[in-house]
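Visitor: I am new to protein structures and would like to learn how to read one. Could you walk me through it?

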Amino acid sequence: MDEFLNFIKSGKLAPLKSWGTKWSLWPVHLVTACCGAELAHAFACGYDGERIGALNYGIARQTNLIIVEGAITRKMARVLKITWEQMPDPKFVIVMGACGLNGGVFWNGYNLVRPSEVVPVDFFIPGCPPTPEALLRGIRQLQKKLETGEAESSAYFYDLRLEKGKPPRRLPGVPKKISAAPSIVVNRPRKVDWAFGGELCEKLKVLRVESVAITGKNRIALKVSADKLREVAIELKKMGFDHVKSVNVVDVPGENKFIVEYHISSYSSKELMPVILNVFAEVPRNEAKIDSLSDLFPSADYMEREMQDFFGISFKGNPWKGKFLLAPDTPEFPLRKEFKLQEEIYVGD
Amino acid sequence: MIEVLIDLIRYFLSILKSNQLDIPLIKPIIALIMKIVAQIPIPYLSNLVDFILAVILWRPLFAVVVMPGLTVLMIYLLYIVWFERKLTARIQWRVGPLEVYRPLRGAIQALADGIRYLFQEAIVHKDAHRPYFVQLPILAFIPVLLPIAFIPAGNVVGIKSPYAVQLTIAFISLIPITVIAIGWASNSRFAFIGSVREALMYVAYEIPFIVAAISMIFLYKSGDPYIIVENQWIPGAILNPLAFLVFLIAMLMATSRLPFEIPEADQEIAFGPFVEYSGILFGLVMVLAYEKLYVMALLFTILFLGGWNGIYISLLGDLNAPIWLTIKTIVVISIIAMVRSMYARYRIDQAIRIGFSWLLAFSMVALAIGVVIGYEGGI
C-alpha cells in the first residue's frame, strides 16, 4: 500500500527503515487453500525462505506480511480483513495463486471475492499453484519494492484501445442448459429380491400417500402431496422411523416444480435400520412452501435451513430466518437453475 | 566558585583514578591518545579526555556498562537469536538467516528484526489496562538487569557484596511476577492462560532451583562469589553433580526453553502472556527470557564452572576475568540453545510432576552433599 511505502521511504531514517523492513518480512499463517502446501514447501529444507529473512509466525500482532494462499470466500474475507486490521502498520499483502488473482477454478463463483477487494495488495503471484521459486521471487520483489519503490513484474500487459460504438467484448458465459425432457423421476420402481420390503410397502400403502415404490434393496420411495407430508411423517414416526438422514431439493424448471425429499430411517427398530424411506413431495416453483418436519425429527432442522439458503424454499414451522451457511451478502438462492452469475466485461463499458 | 568546582572534579578524579582497570595492552594506546590530545590547543581538552577515559575504565562502571554488563548483553542478544535460528535451521537441513549480510552468514538478522519492530506500530488494544500494558515491559527490566551490578568478574565488580549469590537468586525469583502481570494487563484469554501457566511453572522450578543454589553456598560456606571462585580448583559441577543437574534443568524451566516451553507455547496459546504485544514492546518482552537466561548462566558459571578462573594472559591484566566469565557463559548458553531443536515439549502436568518429584528429591540430595562437604571442612 502506498501509505506504508511512503512511511518507509520518507524521513531521515528512511534507509534504516527500509533496510530493517526489507530483511524482516514475517508472513502470518493464513492458509485457505492448497497453496498452503506450496508455502510450506517454500519454507522447508529445499528452498528455505528463512534465508531471505522471512520467518513464518503464528500471530498477527507480531508480523507485517500476509500471504493470501488461495481462494477467499465471502466468509473468509471477513477473517482476512480482521487479520489485516490486527497487524501493526506498516504491513504488506502478497496474493498467491490463480484463485486469489481472479477466482481460478472458482472463477465467477457466487461465493468468491477477490483479496484485492478486501485488502490492498502489493504483489500478485500467478500459478495454480505457484512453485516455491515463484513464491520466494514474490517475497524478493516485495523487498525490491521496499528498497526502490517499484517491484519488477515478469507479466506483460497488452495495450487494448477502446473503440466507441462497438459492442463490449465479454468473456464467454458459463454454459447453462435447461432440458425440458426427460423429467427427473425420483421413484422409478425396480424389481429386487427383498421380502421384507414387500411387507413394508403393504403397511405404507395404508397411509395417505400417492404412490409407494421399491427403488432398490432397502430403498422405498413414497410420493406424498405437499399438504399431507406432515400427517404421513407422524404416522411414520409411530411405525418406528425416528430420524431424518438428509433433506434434498431438486429443481425442475422445465415442469415448474421443486422436488423436496426427506430421507427417513430408524435407529431404534432393528429391522427398519437398513431401510431408507425417500418421502418426497412436489411444490410449485412460484409458491415454494412446505411443512417443516424439524419438530418431529430434530435432525431435519439443519438441512432445512441449508435448503432455505440455497433454494429459497420456506419451511413452515421452522423458526429460522435469514442466511444460515452462506455469508450475509451472498446473492439470493444461488443453487436455483435460473440463478445468473455476474458477467464480466473486459473490454468496453 | 570555579576553584570549588575544580576541587570537586579533582576529588571525583581521585576516586576514579584509585579504582582503575589495569590493562597493559591498552596502556600505550591511552598514552598515544593523551599525547595527541596534548598537542591540540584547546584549553582543558586533555583534562576532559583524561576524565572520560577515567570514567570508562572505572571498575564499577566498566562491570555494569561494558563487561559482563550491558554491552556484552546486547551483543549476546544479537548472537543468541541468530545462533538459535541458524542451529535449528542446520538441524532441519536448512540454511537459516543468510542473505541479510552474507559475509557474516546473516549474523545481523536479529538487528534487522529489531529495527523493523522499532518502526512498527505498537498497538495498545481496547481491552488492555493501558498504563500497566505499556509500563510493564520496561519495569520488567529492573529485576533482570539489577543482578548484573552484583555479579563480579575478578576485580571488575559493580557493587561488592558478600551476599551476591543470594541477591541474584532473589532478583531472578522476582522476574516471573512481571511476566504474570504482563499477561494480566493484556486482558486476553491466551494471555491469561499463559500467565497461569507461568505461575504453575514458577512453583515447579523455584524450590529445586533455590535449594540447588543453597547447597552450593553450604558447600563453599559462603555466598561471596570471590570465595566461591577461589575455592573452585575442582569445578563445582564435579563436587556436586546433582546440584549441577538440578540447576541446569531449573534454568531450562525458568527461561521457558523448549522442553519446558509451556507458558509461551506458540502452537497452542500463541506466545502466552506476550500475545497482544506488537512493535517495539514485543521486542522488549521477547528478549526478557534471553536476558534472564544470561543472568542465570552467569550465576551457573560462577557456582559450577569455576567462574572467571582461566588461563591468565598478562597482557590483558584485569580484563582476563570478565573475558573468561563471558566466554564460559556464552558457551553454556549455546549448549542450552541446542536443546531447543532436539526435544519436544512436555505436557504441563508432566513438567510439574518433574519439578515436584525427582527434581525436588535430587535437590534435597544435593543439599545433603553440600552440607556434608561443607561440614567436613570444605575444599
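Guide: Welcome! This is a predicted model, so local features need pLDDT of at least 70 and side-chain atom pairs count only at pLDDT 80 or more, while totals for chains, interfaces and linings use all residues. Residues are numbered from 1 along each chain as its sequence is written, and chains are lettered from A and ligands numbered from 1 in the order in which they are written.

Visitor: How many helices and strands are there in chain B?

Guide: Helices (H or I, at least four residues) and strands (E, at least two) are DSSP runs, numbered from the N terminus. Chain B has 17 helices and zero strands.

Visitor: What radius of gyration does chain B have?

Guide: The radius of gyration is taken over C-alpha atoms, and the globule rule is 2.2 Å times the number of residues to the power 0.38. For 379 residues the rule gives a value near 21 Å for a compact globule, and the 23 Å of chain B agrees. Its C-alpha trace spans about 70 × 60 × 45 Å along the principal axes.

Visitor: Is B:Ala243 buried or exposed?

Guide: A residue is buried if 20 or more other C-beta atoms lie within 10 Å of its own, exposed if 12 or fewer, and partly exposed in between, with C-beta atoms placed from the backbone. B:Ala243, in helix 13 (residues 241-254) of chain B, is buried because 29 other C-beta atoms lie within 10 Å.

Visitor: Which residues is B:Ala243 in contact with, leaving aside its neighbours within four places in sequence?

Guide: Two residues are in contact if their C-beta atoms, placed from the backbone, lie within 7 Å. For B:Ala243, these partners are B:Ala212, B:Ser215, B:Met216, B:Ala366 and B:Gly370.

Visitor: What span should helix 7 of chain A have?

Guide: The expected span of a helix is 1.5 Å times one less than its number of residues. Helix 7 (residues 132-148) of chain A has 17 residues and should span 24 Å, which agrees with the 24 Å between its end C-alpha atoms.

Visitor: Which residues of helix 7 of chain A are buried?

Guide: Among them are A:Leu135, A:Ile139, A:Leu142 and A:Leu146.
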